[in-house]
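Please read this report alongside the sequence and the coordinates. The model is a predicted one.

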Amino acid sequence: DGAAAISECLKKNNTLQELKISENDITSSGLIKIGEALQINTSLQTLDVSHNRISDDGVIAFSESLKNNSTLRNLSLSWNSVHCLVVDVTNQSLNMRNQLSGDVGIFVISSLLHCNTNVYKLDISCNEISDDGAAAISECLKENNTL
């Protein structure tokens, strides 16, 4: 499949810095394969897998892969079927547009970012955040000087 082929290329390529594979038909198993490649790859800094068919199980496994990757800085998972938030927030840019299902996800992300100083760009648009969710993010921003 296509994601497996991309994964094999990423294992061997040491120059590609940005990969945008949004609006394809990548599933959780495809993201897992890409995550396996990122354990080896030392050049990719930006990965956009938005608008695909990725669900919670793929993101959970992918997050585990990121523990062994120090080069990925920008990650977009927006517009997928993800309801959890386990992405390693050591990335500098986290795009969770249309992913957090309202305030529940916002409360989780605000607690994660409360003391995190790595993320400098956060996209949480299209998440139906209420005043309470906005207040939680506001409190987070008082402590976090990088966002």
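## Overall layout

The predicted model has five helices and five strands, and from the N terminus on these elements follow the order α-β-α-β-α-β-β-α-β-α. Of the 147 residues in the protein, 44% are buried. Among contacts with a separation of 6 or more, 75% are between residues 24 or more positions apart.

## Helix α1

Helix α1 (2-12) has A3, S7 and L10 as its buried residues. Around the axis these residues cover an arc of only 65°, which puts them on the same side of α1. The face turned away from that buried side carries C9 and K12, both of them exposed, while the cover over the buried residues of α1 includes β1 and α2.

## Helix α3 and its packing on α2

In helix α3, which spans residues 56-66, the residues G58, V59, F62, S63, S65 and L66 are buried. Viewed down the axis of α3, the buried residues fall within an arc of 155°, so they line one face of the helix. The elements against which these buried residues pack are α2 (28-38), β2 (46-48) and β3 (74-76).

On the α2 side the contact is made by S28, L31, I32, G35, E36 and L38, and on the α3 side by D57, G58, V59, A61, F62 and S65. Of these, G58, V59, F62 and S65 are also among the buried residues of α3.

## The largest nonpolar core

The largest nonpolar core holds 19 residues, and within this set L47 and F62 touch the most other members. Two or more residues of this core come from each of α1, α2 and α3, and α2 gives the most, with four residues.

When neighbours within four places in sequence are left aside, L47 is in contact with L19, I21, I34, L38, F62, L72, N74, L75 and S76. I34 and I6 are 28 residues apart in sequence, yet their C-alpha atoms are 7.1 Å apart in space.

## Salt bridges

The count of salt bridges comes to five, and three of them are described here. In one, D1 is paired with K33, with the closest N and O atoms 3.4 Å apart. This pair links distant parts of the chain, since D1 belongs to the segment before α1 and K33 to helix α2, 32 residues apart. D1 counts as exposed at 61% relative accessibility, whereas K33, with a relative accessible area of 30%, is partly exposed.

In another salt bridge, the side chains of R53 and D25 meet at 2.5 Å, N to O. This pair, too, links distant parts of the chain: R53 is in the loop between β2 and α3, and D25 is in the loop between β1 (18-20) and α2, 28 residues apart. D25 is exposed, and its relative accessible area is 54%.

A further salt bridge joins K142 and E139, the closest N and O atoms being 2.9 Å apart. Both residues are in helix α5 (residues 131-143), and because they are three residues apart there, about one helical turn separates them. K142 is exposed, with a relative accessible area of 55%, whereas E139 is partly exposed, with a relative accessible area of 45%.

Note on methods: Residues numbered from 1 in each chain as written. Predicted model: local features only at pLDDT ≥ 70, side-chain atom pairs only at ≥ 80, totals over all residues. Heavy atoms only, no water. Buried < 20%, exposed > 50% of the residue type's maximum accessible area, 1.4 Å probe, protein only. Arc of directions from axis to C-beta. Contact = heavy atoms within 4.5 Å. Core = buried A, V, L, I, M, F, W, Y, C linked by side-chain atoms within 4.5 Å. Salt bridge = Lys/Arg side-chain N within 4 Å of Asp/Glu carboxyl O.
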